[in-house]
Each structure stands twice: as structure tokens, then as C-alpha cells.
Amino acid sequence: MATKKKTDILLDKEQLKASIIRHLRSTLGTSEEKASQESWWKATAAAVNEQVYERLTRTQQTHLKQDTRAIHYLSAEFLMGRLTSNNLHNLSLYKVCDEALADLGLNLSDLCECEPDMALGNGGLGRLAACFIDSLATLSYPAIGYGIHYEHGLFRQEIQDGRQIERPDSWREYGNPWEICRPESVQEIPLYGYVETVFCDDGHMKKVWHAGRKIKGVPWDIPVVGFGGHTVNILRLWESRASEFFDWDVFNAGGYLDSQAEKAQAETISKVLYPNDETEAGKELRLIQQYFFCACSIKDIMRRYKRAHGNDFSHFADQIAIQLNDTHPTIAIPELMRVLVDEEDLQWEKAWDICYRVFAYTNHTLLPEALEKWAVYLFERVLPRHLEIIYEINSRFLSEKVEPMWPGNDAIKAKLSIIEEGDVRKVRMGNLCVIGSNKVNGVAEVHSRLVKEDLFPEFDQIWPDKLCNVTNGVTPRRWLLACNPELAALYDEVVGKEWPLKLDLLRSVVKFADDKAFQKQFMTIKRHNKEKLVEVIKAETGIDVSAEAIFDIQIKRLHEYKRQQLNLLHIMALYRRLLADPDYDMHPRVFIFGSKAAPGYKLAKDIIYAINKVAERVNNDVRIKGKLKVVFMPNYRVSLAEKLIPAADVSEQISTAGYEASGTGNMKMALNGAITIGTLDGANIEIAEEAGEENCAIFGLTVDEVKALKARGYNPYDFYYANSEIKAVLDWFDTDYFTPGRPGELSSIKRALLDGGDTYLALADFAAYSEAHRKIDTWYCDPSLWAKKAIINSATMGKFNSDRSIEDYVARIWGLKSCKVG
Ligand code: H2P
């Protein structure tokens with residue numbers, strides 16, 4: 001009889017049942033008779049964790065023994081979502097667990113609903129980090145994700161009378177079974193204080209930073225289970241605590257509250273995730289947050305390196321790669337310099353050589369607000385030694401790289417300098433990232449081209465090989481296997497079970513795109529997914545929609561450049577057409593939105609309000625015979641995306657060309673058989689290349705046309721006066737048609753689109769967008785044509801597997817070797 005390999009899954013149904021019950025009693029302290037759904041969920045997680053921990057230990061032993069280069073992915077955001085179903089799928093335990101629980105009279109998907117989302121991110125950037133650590137583990141690369149253990153993730157969104165209300169998100173209020181606290185790896189982090197110059201006995205000068213305060217960083221590890229369950233890496237998230245949190249003297253003297261003040265202050269650091277765009281709020285705290293998690297992570301990396309190599313730093317850059325996910329972790333560069341120079345006594349040049357080889361930086365957007373800048377005075381106070389180091393990096397860069405290339409050119413120096421001059425001098429983190437990294441990548445072809453040509457052209461001249469591209473991807477385990485089980489089963493049947501690892505295999509399905517029987521199977525699955533979503537919509541919003549209609553979905557952060565307002569204008573135009581002619585020829589359509597607005601972004605919140613007010617009016621207007629419905633799903637998050645994406649017919653990817661760096665929702669929806677209506681922006685371009693432009697509804701101005709129009713001088717009034725539909729729709733915002741008795745409540749949208757200059761050219765693209773929607777409608781009315789396009793979209797998304805992105809990072813940036821865990 002063949003003996004089982006060590007890595008084989010050892011659990012059968014009976015063993016898993018026994019383990020769940022054992023944990024229910026011994027870990028949860030309850031019994032079958034009185035256990036709540038939540039206790040059953042936690043007991044199930046504990047049973048699964050027996051498998052996870054075993055593999056985690058084996059992975060760590062293997063990595064220690066092999067001692068190969070590892071990637072450290074530093075990100076202020078990891079949007080993990082729920083882990084139960086993902087971990088079960090990746091351990092190949094989903095089916096057996098489903099059956100084990102059924103025997104116990106329970107339903108696995110119901111139990112999964114008990115799990116709060118780990119919403120430690122805003123949107124695509126954080127979700128990308130989550131997909132990447134899944135792929136790194138799947139591909140057996142030694143990797144650690146480092147981030148912040150926010151007590152509150154992204155706010156929970158409630159909709160009250162159409163308006164967004166932010167509520168705290170308490171994802172771990174009642175404990176999270178997937179995280180492990182590691183008190184043995186606590187770190188202490190200095191802040192504030194002053195720098196002293198000390199002359200040593202041998203005559204050399206040394207800088208000593210006397211911290212004004214110290215904060216404790218407590219690590220929480222989330223095991224990251226690779227598909228197949230061989231490698232289990234970790235995501236290490238740092239929680240802040242006070243080092244000496246309780247002052248007994250103050251307490252004894254009667255200052256009961258004061259004695260705890262330091263504790264409260266220290267814990268504030270990891271309290272909340274900052275929503276984007278609110279850059280004015282709590283600047284100092286945000287800088288401290290960034291430094292806190294970077295410094296903890298660098299210390300952790302050092303500790304592990306020294307365990308294997310002692311104080312010999314000659315191998316450091318061969319062993320360690322650090323990826324900076326956006327500019328948020330930039331401070332890790334001067335921090336590593338500080339540790340190497342001040343604490344490990346390396347010469348500046350040696351330390352810089354190491355840093356340069358270790359760091360790489362991913363840029364996720366060209367929008368200026370994302371290239372962080374910190375006031376010099378703030379740095380001076382919070383991180384005085386780092387400011388000195390940054391000045392030194394800058395002066396060497398300007399004299400060694402800029403001066404020889406542009407002798408005497410002060411304008412170029414001012415542009416490339418890490419320090420921005422002005423009333424308030426600022427540290428430009430973007431420039432520091434580019435100067436301190438050996439590679440800088442954009443996240444889709446067109447975006448990387450714009451990073452080179454528009455954002456950092458001079459840096460590209462200085463280092464012609466530094467700027468590169470790695471197109472984003474998504475994990476097919478979560479975004480097809482787990483979220484769309486029926487389609488996954490169909491693909492298992494048609495191409496075999498290897499596709500979750502080799503998504504390119506789906507290409508062979510293209511040959512069935514014309515096959516009527518296959519079309520029927522494919523569209524029946526879509527129909528089932530839509531029927532499930534109908535129930536969710538009813539439960540969440542009370543709105544009745546029909547699965548007969550086209551489900552047209554736009555899910556992403558709310559931002560003017562993503563142009564939810566363009567979608568809304570078009571919906572209002574359709575409504576007008578239907579009112580003018582109740583027999584207006586269109587297939588019934590449900591427009592579905594899911595989106596959170598940054599709390600300080602007033603216009604974004606106004607757009608949410610307008611969508612909800614238009615929805616109320618449209619959904620209750622019997623004259624249009626249910627042909628048009630508008631649904632705003634509250635509290636958009638990963639677990640909701642998992643229900644929306646498999647049910648999408650149409651994927652709205654309508655950003656102004658040149659503004660959406662990549663997008664990843666576009667990949668997820670196409671993979672699940674939605675047809676993209678989109679601009680030639682970000683990864684849409686590559687999606688259209690893969691699926692064929694004839695299978696997408698591409699519309700609107702291109703990147704170059706956008707630039708040309710802006711250069712000519714764009715006047716939205718030209719479109720307002722030239723297009724009567726645009727005018728009518730915009731004027732509607734000023735009436736009380738959607739807000740009875742309260743005219744003008746929606747006027748801010750019209751104002752932004754006209755007097756505000758319509759920065760993102762919604763009016764310029766309106767006509768083309770409307771035409772593209774007509775095309776969608778015509779296609780849908782031919783079910784076989786639609787099915788064919790939907791199948792081709794799903795089958796050709798192999799490129800957008802995040803495993804491919806990771807292999808690109810490995811080949812172009814990290815130079816890692818995979819390290820199989822036996
Ligand atoms: C951002 C970009 C997206 C990109 C994503 C991941 C910042 O995400 O805007 O275009 O796909 O990073 O690289 P988001 O807008 O969803 O927050």
C-alpha cells in the first residue's frame with residue numbers, strides 16, 4: 001500500500017468531524033447542544049488550524065535550512081477579506097468540511113458568513129497585496145507580508161436616507177481564529193527626541209539618536225496558505241502598545257486617568273486605517289504609523305538575518321528583498337540606512353549599496369495626492385535622525401547623479417530633489433523611493449509607460465533600466481474557484497483540475513464558445529449566480545430585481561476619475577428616454593453600485609447620495625415598467641464582491657484614460673464571464689488585447705486624446721450646449737425631481753461637471769459611452785452572441801493570474817528561487 005506523503009491532506013470526513021467537536025468543547029468551551037453558529041465557525045477554524053500550523057512549522061524549518069533570498073512585502077494595506085473558505089480551498093479541505101458539517105446538521109457557507117471581513121485596506125492596492133501573498137505561498141516563494149494590525153479596518157458604511165454614514169469596523173471584537181500573537185518577537189521603536197554627535201576613541205564621528213519616546217510593536221501572524229497547502233507563509237501585522245503603559249507613581253498620587261494616558265496614546269498608532277484623500281487629518285499620526293510598521297519590520301528582518309549570518313552584512317542584499325507597496329513604507333529606506341550606519345557601524349557607501357540592492361518600489365497611481373509629501377518640520381520633530389539621513393542621501397544624489405548629467409541646471413535639481421522648497425519645505429517620498437530603489441514598477445503597460453514619460457522622465461534618463469512594468473493580477477483561487485463554484489466545476493470538467501494554478505489552460509475553452517450546449521451550460525451558471533444575487537439585493541436593500549435583466553455592475557472606491565458620475569448621467573438619460581417613450585427599445589437593465597467614499601471627500605459622498613436618490617425615484621416609477629433598476633449595495637467589501645462578481649453581465653471600467661493605473665475588478669469580472677464596457681485605460685487595454693476588442697465595449701477618448709483635449713483647453717459647456725440630452729440631465733440635478741421638496745440637493749454634481757471644469761471629462765465621453773451601452777444592449781438581445789463573448793472573456797483571462805504577476809516580479813525585480821516544502 002502506498003504510504004501518504006507528509007504533505008498529503010490527512011483528514012477524512014470523520015476525523016474532521018471529531019476534530020471540530022473536540023475544538024468546540026476544548027477550545028471554545030461549549031457543547032453541541034448550545035453552541036452558536038459563531039462557535040461552530042471558530043471550532044471549524046481551530047480544526048483547520050491544526051493542519052495550517054503543521055505546515056507553517058514545516059515551511060519555516062525549510063526556509064531556515066535553505067536560507068535562500070526572501071521577499072518582504074511592506075504594505076500599509078492588506079485587504080484580506082474572509083479566510084475560512086479560502087483556507088479550506090487552498091488545503092483541498094472544502095468539500096470534506098462541507099460534508100462533515102452537513103453530518104453535524106450545519107451548513108458551511110452559513111458558517112462562513114459569521115466571519116467578519118479583514119478590511120485592512122481601502123481598495124485595489126490593499127487587495128492586490130492580499131492576492132500577491134496568496135500567489136507567493138502558492139508558488140513556494142519564501143515571503144513575508146508586513147503591515148499594520150489596525151484595530152479598526154476601513155469604516156463600515158451605512159446608508160441613511162441615501163447618505164453614507166461611517167461606522168467603526170470592529171473586525172476582531174470577539175476574537176479572530178486566524179491570527180496568532182507572537183509576544184516573543186515584540187520590538188521597541190524610538191520616536192521624537194534629538195540627535196547627538198559623538199566622537200569615538202578611534203576619532204570617527206558617530207550619530208546617536210536619543211529617543212523622546214518608545215513604542216512597543218506586538219506582532220500578530222496570519223498564516224497565508226498557498227494553494228495545495230504545501231507552503232504556509234505569514235502575514236505579520238504590528239500592533240502598537242505603550243512600553244511602560246502604567247505609571248504607578250501617578251496612579252498612587254491619585255491621577256487615575258493620567259496614569260493611562262501614555263498607553264492610550266501609544267495604542268492610537270495602530271487604531272485606524274486612514275481612508276485615502278484625507279491627507280490633512282492626523283498627518284503626524286499617519287507618519288508615525290508608517291514609521292512604526294516599517295521600523296518594526298526592519299528590526300524583524302535584521303533579527304532573522306543575524307540569526308543566520310551574525311554581523312556579517314556582506315550577504316544581506318543577496319538574502320533580503322523588500323518591496324515597497326506605494327510610497328507609504330518609504331521611510332523603511334532611511335530606517336535601514338540608520339540601522340546599518342548608526343547601529344551596525346557600516347560605512348555610508350557600503351550601507352547605501354546594500355539598501356539600493358534591497359529595495360524596490362511599486363507605483364500605483366499618477367494622481368499627485370498619492371505621492372506623499374511630509375513637512376520637514378514634522379520630520380524634524382518625529383524622526384530627527386531620519387531627516388539628517390534623507391539630507392545626506394539627497395545631497396549625494398544631486399552631486400553624483402544630477403550635476404554630471406545637467407551641469408548647473410538648478411531647475412532640474414529643484415525638480416528631482418527629495419526636498420521641495422517653498423513656504424513649508426517638504427520631503428517628497430516618491431523621489432526618495434525612486435532614488436533608493438533598484439527597480440520601480442507601474443502596474444499595467446500603459447501606466448508604466450506614463451510613469452516613465454510623464455511622472456519620472458528624468459529619473460528614467462539617469463537610470464534607463466530602473467523603471468519597468470509588472471501588470472497586476474488576481475488570484476483565481478478566491479476570484480473563481482471559491483466565489484463561483486459552479487463555473488469552477490464546469491472548468492474542472494472541461495480542462496481538468498489544474499486551472500487554478502495554470503489559468504492559461506482556460507484558453508482551450510474558447511473552442512466551445514460557439515457550441516450551443518456549452519453556451520447553455522455557461523449561461524445557466526450565470527443565471528444561477530444572478531438568482532443568488534437577487535436574494536442578496538432583496539435582503540440588503542429591499543429592492544426587487546429580476547434575474548432576467550442585464551446585471552451591470554460598477555464596484556470600486558468612489559472617485560471622480562473612476563467616473564461613477566458618468567454611469568449616473570447615463571442612467572438618468574436612459575430614464576428620460578423611457579419616460580419620453582415607454583416602448584423605448586432596451587432590454588431590462590439593473591445598474592448595481594458598490595462603493596465607499598473617503599469620509600472627507602464631499603463630492604464623492606454627494607455622488608453616492610445622488611445615486612441613491614435617483615434609484616429611489618427610478619425603482620418606484622411604474623411608468624417605466626421595471627425596465628430600469630438602480631441598486632446601491634451598502635458597505636461594499638471583499639465578501640460582497642465575491643457575491644457580485646460571479647453575477648455580473650456587464651463590468652463598468654470607465655475611468656478617464658490615463659488615470660486608472662490598472663484596475664483589478666476589471667480582471668475579476670471578465671474572468672467570471674462579464675463583458676467590459678470600458679475606456680482604453682489601465683489593464684482594460686490588456687484585457688481587450690487578450691479577449692479581442694470585438695468582445696469588449698470599448699469607448700471614449702484615449703490617453704493621447706485626453707492629453708490633447710486638455711492641452712487645447714477643455715470646456716464642458718461646449719458639450720452641455722451641443723448635446724441636448726446632456727443638458728437635460730444636468731439641469732435635472734437642479735430640480736427637486738429626485739429629492740421632492742428639496743431642490744438643489746444634487747446640484748453640486750452639476751456644478752463640478754460645468755463650473756468645476758469637469759476635470760475627468762465625463763461630458764466629453766458621454767456620447768461615446770451611451771453608444772457603447774447601445775451596443776451592449778444589441779449584443780445581449782442575441783443570446784448566443786452574448787454567450788460567446790462572455791465565454792471568450794472568461795477563457796482568455798489567464799494572463800491576469802496573480803501567479804503570473806509574481807513570476808514577473810521574480811524575473812524582473814526580486815530574483816528569488818522557489819523553495820519547495822517537502
Ligand atoms: C490602486 C489603483 C488601481 C490599481 C490598484 C492596484 C491605487 O487601487 O488606482 O488602478 O489597480 O491600486 O495596483 P484603488 O484605486 O482601487 O485603490
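Guide: The description below begins with the ligand, passes to a lysine named in a record, and ends with the strands.

This is a predicted model, in which local features need pLDDT of at least 70 and side-chain atom pairs count only at pLDDT 80 or more, while totals for chains, interfaces and linings use all residues. Residues are numbered from 1 along each chain as its sequence is written, and side-chain values use heavy atoms, with hydrogens and water left out.

The ligand is surrounded by 14 residues, and the closest are G124, H364, R557, E660 and G663; a residue is near a molecule if one of its heavy atoms lies within 4 Å of it. A polar side-chain atom of E660 lies 2.5 Å from an oxygen atom of the ligand. For R557, an N or O atom in the side chain is 2.7 Å from an oxygen atom of the ligand, and for Y561 the corresponding distance is 3.0 Å. On its own the ligand has 390 Å² of accessible area, of which the protein covers 93%; such areas come from the Shrake-Rupley method with a 1.4 Å probe.

UniProt, in an unreviewed entry, places the feature "modified residue: N6-(pyridoxal phosphate)lysine" at K668; UniProt annotations may be inferred rather than shown by experiment. K668 lies in helix α25 (residues 665–671); helices (H or I, at least four residues) and strands (E, at least two) are DSSP runs, numbered from the N terminus. K668 has 7% relative accessibility and therefore counts as buried, a term that means under 20% relative accessible area with a 1.4 Å probe, protein chains only. Leaving aside residues up to four places away in sequence, K668 touches R127, V474, W479 and I645, where contact means heavy atoms within 4.5 Å.

Strand β12 (residues 232–242) is largely enclosed by the rest of the structure, because 10 of its 11 residues are buried. Two strands pair if DSSP finds at least two bridges between them. Strand β11 (residues 213–225) runs antiparallel to β12, joined by 11 bridges, and I215 stands opposite A242 in β12. These two strands, β11 and β12, form a hairpin with 6 residues between them, and G228 in the turn has a positive phi of about 100°. Strand β4 (residues 143–148) pairs with β12 in the parallel sense over 5 bridges, with L237 in β12 as the bridge partner of G147.

An open sheet of 6 strands has the order β22-β21-β20-β23-β24-β25, with parallel pairing. Its edge strands, β22 (628–633) and β25 (697–698), each pair on one side only.

Note on methods. Buried < 20%, exposed > 50% of the residue type's maximum accessible area, 1.4 Å probe, protein only. Polar contact = N/O pair within 3.5 Å; in protein donor to acceptor, adjacent residues only side chain to side chain.
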